[in-house]
Structure formats: structure tokens, C-alpha cells
Amino acid sequence: MKLTINLQEKSYDIFMERGILQKLSQHVDLDRKVLILSDDGVPKQYVDQVLAQCPRGYSHVVRQGEGAKSLEVYKEVCERLLELGFSRTDCILALGGGVIGDLAGFVAATYLRGISFVGIPTTTLSQIDSSIGGKVAVNLDHVKNVLGNFYHPSRVLIDPDTLRTLPRRHFVNGLAEAIKAGLIGDPAILDLFEQPDVSAHVEEIIFRSLQVKKAVVEQDEKEQNLRRILNFGHTLGHGIESVYGLKDLLHGECVALGMLPMLEDDALRQRVEKIYVSLGLRTGVEYDPEKVYQVMTRDKKVQGGRITVVKVKEAGHARLETIPMEALRDYLRRQG
């Protein structure tokens, strides 16, 4: 399967094929210096497979987790590129989940004012969501993605076979973003989640989710208006994640929690909660709403004491609403 992301300044292709990890040279120029950036949660066999295909390849592995998106790790990777003498014609391969994609993209965007990077997402979360869009970022003082840019990969290669090695929790964690895609743009995705064996439909779920995000990003690359609907579940979710996520909750789990209070129809909310339960996602957790609210006041989307949130009343149709920051306390109390 192939998708082309058509943007004003740069377009790129996304290829999804089982086994594509073993034939990268068919899609990427590997005849140059290549840094394979991954974390210690990525199976070594994947790193070795990719490295074996790169005549001038190097591997750099960071510690798994959101902590990899720190200024310290960013500096570490840039220093490695400098030490290896990488030029603007060389390339970074981001092999891993969304954290690695964010880190690699931010390094690529800033090292020598921009070098090429190729996304090779290996988790459901990164294959479904972060492989499109060009948002790259690192965290600062536990505030997510506060330092970032829009910088697109030259190509994205998705191998669904890599999902076989994911722990069940991490596999399900990424599916939360697909549920989001269904709620804001393609109700048929929700139908797939209500089938007896969701795993049998995972490739269609990934592809349909990518189509939803493609349609939005192509219309609003720099998030001036429409693209904000992709933040559905993220406003509350990022607040929860910033306080608790580094040790207790995964990103997709936080997004899942953040979507529920923004569903404006009781029947739809019950339907989504039923999907959560079938997958093993939580429908609620205990947390301190005030503590989360204080973190959310530093959200980059806050302007003049107001923030734009995304709400859904009918599957497939999202709307934006700008509300006072104070109103978020009520939504947090509903979820907490």
C-alpha cells in the first residue's frame, strides 16, 4: 500500500508492506552515511537487519521512554553526528516508536539547519499517528513537546510485521489513536474495532487512520485551523501524561482518557467505552485534577487565558470550541 502526502513545500510517500524492513534499499538511498537511531526497547534484530543494509551505517541506541525526548539526549545525538562527520547529504533513520520519531525529526530539523530523515515506525502508535504530519519535538521540564518544529521525513516505511514483537499493552496503546481517527473522520474504523478479532483488521485500521490524518494535514499543514481536530483527546491527555504518564500511563492511554469527556453524546460515549474495555484500555483513573490543570496552563495552545478544544457529538464529525482555561477544570473532574 502507498500513500502520498501532498504538501505545498514538500511531498513524500508512505509505503506499508509486510517485510519492507528487509528491503530498504528499494525505497531509500543507503549509499551515504546513515545513523540508525533507536531505543533499547526496539528488538536488536530490527537494528541489525537495517544496519546490515547500510554500507556506511552507524547505530545509536538511547534509553526507552519519554525521557529520550530531553535536551540531554538531543545533545547526545547531535554530538554523535558531529563526531561521525555527518553532512547535509547524509541521513537519519528513525527506527522505533513515536518518541524516536520525534527525537530523530527534531535532530534532523536542526543539525546543520536540516538533514534528511526517514521514518521507520515499529509500534502501532507511531505507524498510525506520528508517521504523518511533520511535527517533531522534545520536552522541557516535563512539559511535552514545548520545543519543536514542522519538519517532514523524506519517506516513511511501515512494516506491520514489527507489531508482532510488541507487548500487548503497547500494541493496544497505539490503537487509541486509531479510535481517535474513527471519531473525528472515519466511523468505519469504529466498526472494525467491534469485530471479534481486531488483530485481523489491524492493517486496514492503520491504513484508514493514515488516510484520515493525510486528508487533514494536506489541508492545514501548519495547524492554523482544521488540523487542530487532530488534538482530540490530547489537550486533557497531555495534561494527565505530563503529571503521571512518565511512570504510570502510556501516551495512547492518556489520549484515550482525554477523549471521553469531550464526547457530547451519551450513546457514543458508551460505545467508545465498550471498545476500550474490549481492548483493555482504561475508562478512568484516579488523579488530582488541580495538579493536572496547573500543568495544562502551560500548554502551548493557551492564548489569552483561553484554549481551543475538540469535541465530537457524532462519529466522523469533530468541531472546535474555544473555552476559558477555567472550564477545563470541569472536564478534568469528569475524568478524574
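A nonpolar core is taken here as a set of buried Ala, Val, Leu, Ile, Met, Phe, Trp, Tyr and Cys residues joined through side-chain atoms within 4.5 Å. Buried means under 20% relative accessible area, exposed means over 50%, and partly exposed lies in between, with a 1.4 Å probe and protein chains only. The model is predicted, so local features need pLDDT of at least 70 and side-chain atom pairs count only at pLDDT 80 or more, whereas totals for chains, interfaces and linings use all residues. Residues are numbered from 1 along each chain as its sequence is written, and side-chain values use heavy atoms, with hydrogens and water left out.

The largest nonpolar core has 72 residues. Those with the most contacts inside this core are Ile 14, Ile 179, Leu 183, Phe 193, Phe 232, Leu 279 and Leu 328. Helix H5 gives the most to the core, with 9 residues; helices (H or I, at least four residues) and strands (E, at least two) are DSSP runs numbered from the N terminus. A second, separate core of 26 residues includes Val 73, Tyr 74, Phe 86 and Val 136. In soluble globular proteins, nonpolar side chains tend to be buried together. Contact means heavy atoms within 4.5 Å. With neighbours within four places in sequence left aside, Ile 14 is in contact with Met 1, Lys 2, Leu 3, Ile 5, Ser 131, Ile 132, Val 156, Ile 158 and Leu 210.

Helix H5 (residues 168–184) packs with helix H9 (residues 251–259) at an angle of about 35°, and the two axes are 7 Å apart. Axes are lines fitted to C-alpha atoms, for helices over the stretch in contact, and angles run from 0 to 180 degrees between N-to-C directions. On the H5 side the contact is made by Arg 169, Asn 173, Ala 176, Glu 177, Ile 179, Lys 180 and Leu 183. The H9 side contributes His 251, Gly 252, Glu 253, Val 255, Ala 256 and Met 259. The residues of this contact divide into 6 nonpolar, 3 polar and 4 charged. In this division Ala, Val, Leu, Ile, Met, Phe, Trp, Tyr, Cys and Pro count as nonpolar, Asp, Glu, Lys and Arg as charged, and the others, Gly among them, as polar.

Arg 168 also lies in helix H5 and is partly exposed, with a relative accessible area of 48%. Residues up to four places away in sequence not counted, Arg 168 touches Ser 199 and Leu 279. Between Arg 168 and Asp 141, 27 residues apart along the chain, the C-alpha separation is 30 Å. Leu 71, in helix H2 (residues 71–83), is 70 residues from Asp 141 along the chain, with a C-alpha separation of 9.6 Å. Leu 71 is partly exposed, at a relative accessible area of 35%, and touches Val 138, Asn 139, Leu 140 and Leu 147, again not counting residues up to four places away.

Two further arginines lie in helices. Arg 329, in helix H12 (residues 327–335), is classed as buried because its relative accessible area is 16%. The side chains of Arg 329 and Glu 290 are joined by a polar contact of 2.9 Å. A polar contact is a pair of N or O atoms within 3.5 Å; within protein, one must be able to donate a hydrogen and the other to accept it, and residues adjacent in sequence count only if both atoms are side-chain atoms. Beyond four places in sequence, Arg 329 is in contact with Glu 290, Tyr 293 and Gln 294. Arg 269, in helix H10 (residues 266–279), is partly exposed, with a relative accessible area of 21%. Not counting residues up to four places away in sequence, Arg 269 touches Leu 260, Pro 261 and Leu 263.

The remaining residues lie in loops. Leu 112 is placed in the loop between helix H3 (98–110) and strand E6 (116–121), and Arg 113 is found in the loop between H3 and E6. Neither is a glycine, yet phi is positive, at about 55° for Leu 112 and about 60° for Arg 113. Leu 112 is partly exposed, with a relative accessible area of 37%, whereas Arg 113 is exposed, at 78%. Gln 53 lies in the loop between helix H1 (44–52) and strand E4 (56–62). A polar atom of the Gln 53 side chain lies 2.9 Å from the backbone oxygen of Leu 21.
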